[in-house]
Amino acid sequence: MRLSGLQKEVLALYRQCLRECRRKPQKLAQCLDHVRIRGGSNSLRRDEFSRNLTIDKRDFAAVEFLLRKGHRQLDVYSSPGIKDIR
């Protein structure tokens, strides 16, 4: 199956989230099971990606918005000063 540019970006963001979970202390290593990019969550969780599967892939504005939001939150979570995600 051939993927669009936006689909590739979403997959890349997902992979980056998984990598970032591996870099955090063991306390957060369990977040590999739960990848959520959302403020106020206990960990990065897959739920956010799964929940947004229903978004139409042709709704470019929504997909781009979620990508920007995910990248911003990943930047915050990936900073070395962050030891716990709540």
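The largest nonpolar core has seven residues, namely Leu-6, Leu-13, Cys-17, Phe-49, Val-63, Leu-67 and Leu-74. Two or more residues of this core come from each of α1 and α4. A nonpolar core is a set of buried Ala, Val, Leu, Ile, Met, Phe, Trp, Tyr and Cys residues joined through side-chain atoms within 4.5 Å; buried means under 20% relative accessible area, with a 1.4 Å probe and protein chains only. The model is predicted: local features need pLDDT of at least 70, side-chain atom pairs count only at pLDDT 80 or more, and totals for chains, interfaces and linings use all residues. Residues are numbered from 1 along each chain as its sequence is written, and side-chain values use heavy atoms, without hydrogens and water.

Glu-20 is found in helix α1 (helices are DSSP runs of H or I, at least four residues, numbered from the N terminus). Glu-20 is buried, with a relative accessible area of 6%. Contacts (heavy atoms within 4.5 Å) are listed below for two residues.

| Residue | Touches, not counting residues up to four places away in sequence |
|---|---|
| Leu-74 | Leu-13, Gln-16, Cys-17 and Glu-20 |
| Glu-20 | Leu-74, Tyr-77 and Ser-78 |

The largest pocket holds about 600 Å³ of space. Among its 20 lining residues, Val-10, Phe-49, Asn-52, Leu-53 and Val-63 are the closest to its centre. A pocket is an open set of points on a 1 Å grid over the protein atoms alone, where a 1.4 Å probe fits, with protein on both sides within 12 Å along at least five of seven lines; lining residues have an atom within 4 Å of a point. The volume is the space filled by probe spheres set on the points, which are joined across faces, edges and corners. α1 (5-23), α3 (47-51) and α4 (60-78) each supply at least two lining residues, and α1 gives the largest share, six residues.

Definitions and conventions: Buried means under 20% relative accessible area, exposed over 50%, partly exposed in between (1.4 Å probe, protein chains only).
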